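Open the model in your viewer and keep the selection tool at hand. The stops below say what to select and what is there.

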Amino acid sequence: MLQNDLLLKVLRGEQAERTPVWMMRQAGRYLPEYMVLREKYGFFERCQTPELACEITIQPVNIIGVDAAILFSDILVVPQAMGLEVQLVESKGPYLPDPIKTQKDLTRVRVPDVQETLGYVFDAIKLIKRELNNRVPLIGFAGAPWTILCYMVQGKGSKTFDEAKAFCYTQPELAHTLLQMITDTTIAYLQAQVKAGADTVQIFDSWGGLLGPADFENLSLQYIRQIVTALKDLAPTIIFAKGAWHSLASMAATGAQGLGIDWCISPQMARQFAGNQVTLQGNFDPAKLLSPIPVIQKEVKQMLDAFGSGRHIANLGHGILPNVPVDHARAFVDSVKNYKG
Ligand code: CP3
């Protein structure tokens, strides 16, 4: 039995003593303890070594006091497992030297056996569960197929992902073949994460907001829906499709238990779109953690007032920034914990 199961209770729609809180990218560069390990080991080495992934995953639980741990890994381990080379270039971000552009390129990718290619993730999850010793739940995750396609085709980060979009708009059959391959891999990957011990899983669609409503349904949501359906009897799912506020109602209709929202939509409006049968997660502007602590405290209270008594998990509206002082992150978490509605 978990000692702190606030997150799972709220995902199930049950009454909880208070609002649970965690932060996207909570295991990362704003923590000096993370930076020590970053000096010594490469990024994918940290992901692939269960002891390191475990230590990094648990750091924010011990240092910041969040109500959930999120597996330390990356969404780009999936394209790696599918056969593409993925590098993380210092101060540049992800780089895939041989991206997918043509039918011929597609022969280089496969739907892999996840135990063979991603077994290190499941080993890390088992170790993390043992080390957490039931203190808080563990969140597993994967990228949404659309966001993974963005990197597989564009080959690197982008503000517009224009080449990925051009690929989908000019070679739609190829795009759908690739999206289905990513979906099949992701389903097996997330099912195995849950079997290894993940208590819930989040699907990160960081670039969902680049698509209009019809393209979002066609290129993203129809694949996310398959993933949510495949996990339905295993664990609660949270969909975080940044910027895709227009599709909150359709996302709620997938049966996902949680929907992440960013700070560009008000909690009231998100609740109106999503309905009452789903938990909302978010939506503090990550840059506001750079404000003085009293401002953070005031803004957190405003956010919680705005979400009201409905199903809510407090979080940022996107990942924490590397330049956030540790005590500001802690002030965010403590303000949620100390909130009196
Ligand atoms: O939330 C967590 O603490 C768990 C770990 C986690 C990481 N990446 C670790 C990481 C999670 C959930 C992710 C998801 C991820 N990765 C997303 C979706 C969420 C989002 O932020 O939109 C995306 C788009 C990626 C791809 C990715 N990985 C990028 C664009 C970058 C470089 C930019 C950056 O933030 O540095 C990464 C690297 C990465 N993934 C780091 C971490 C801690 C930084 C690595 C380092 O420099 O030490």
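Contact, on this tour, means heavy atoms within 4.5 Å. The model is predicted.

**Stop 1: helix α10**

Select residues 172–196, which form helix α10. The helix has 25 residues and reaches 36 Å from its first C-alpha to its last, close to the 36 Å expected at 1.5 Å a residue. Then extend the selection to Gly 197, which follows α10 and has a positive phi near 135 degrees.

**Stop 2: α7 against α10**

To display the contact, show Val 114, Gln 115, Leu 118, Val 121, Phe 122, Ile 125 and Lys 126 on α7; on α10, show Thr 185, Ala 188, Tyr 189, Ala 192, Gln 193 and Ala 196. By class, this contact of α7 with α10 has nine nonpolar residues, three polar and one charged.

**Stop 3: α4 against α7**

The crossing of α4 and α7 is right-handed. Which residues meet between α4 and α7? From α4 come Pro 50, Glu 51, Ala 53, Cys 54, Thr 57, Ile 58 and Val 61; from α7 come Tyr 120, Asp 123, Ala 124, Leu 127, Ile 128, Glu 131 and Leu 132. The contact of α4 with α7 divides into 10 nonpolar, one polar and three charged residues.

**Stop 4: α8 against α10**

Bring α10 back and select helix α8, residues 145–154. These helices pack at an angle of about 120 degrees, with axes 9 Å apart. α8 passes α10 in a right-handed crossing. On the α8 side, select Pro 145, Trp 146, Ile 148, Leu 149, Met 152 and Val 153; on the α10 side, select Ala 175, Leu 178, Leu 179, Ile 182 and Thr 183. The contact of α8 with α10 has 10 nonpolar residues, one polar and no charged ones.

**Stop 5: Phe 216**

Move to helix α11, residues 213–231, and pick Phe 216 within it. Is Phe 216 buried or exposed? Phe 216 is buried, with a relative accessible area of 0%. Leaving out residues up to four places away in sequence, Phe 216 touches Asp 205, Gly 208, Leu 211, Leu 221, Ala 241, Ala 244, His 246, Ser 247 and Met 251. For a distance check, select Gly 341 too: Phe 216 and Gly 341 are 125 residues apart in sequence and 36 Å apart in space, C-alpha to C-alpha.

**Stop 6: backbone details**

Select Gly 282 and Asn 283, which are joined by a cis peptide bond with omega about -10 degrees. Asn 283 lies in strand β8, residues 279–284.

Next, go to the loop between α1 (6–12) and α2 (32–40) and select Arg 25. Arg 25 is not a glycine, yet its phi is positive, about 60 degrees. Arg 25 is exposed, with a relative accessible area of 55%.

Finish in the loop between α7 and β4 (138–143), at Asn 133. Asn 133, also not a glycine, has a positive phi of about 50 degrees. Asn 133 is exposed, with a relative accessible area of 52%.

Technical notes
Residues are numbered from 1 along each chain as its sequence is written. This is a predicted model: local features need pLDDT of at least 70, side-chain atom pairs count only at pLDDT 80 or more; totals for chains, interfaces and linings use all residues. Side-chain values use heavy atoms; hydrogens and water are left out. Helices (H or I, at least four residues) and strands (E, at least two) are DSSP runs, numbered from the N terminus. The expected span of a helix is 1.5 Å times one less than its number of residues. Ala, Val, Leu, Ile, Met, Phe, Trp, Tyr, Cys and Pro count as nonpolar, Asp, Glu, Lys and Arg as charged, and the others, Gly among them, as polar. A crossing is left-handed if the near helix is turned anticlockwise from the far one by less than a right angle, and right-handed if clockwise. Buried means under 20% relative accessible area, exposed over 50%, partly exposed in between (1.4 Å probe, protein chains only). Axes are lines fitted to C-alpha atoms, for helices over the stretch in contact, and angles run from 0 to 180 degrees between N-to-C directions.
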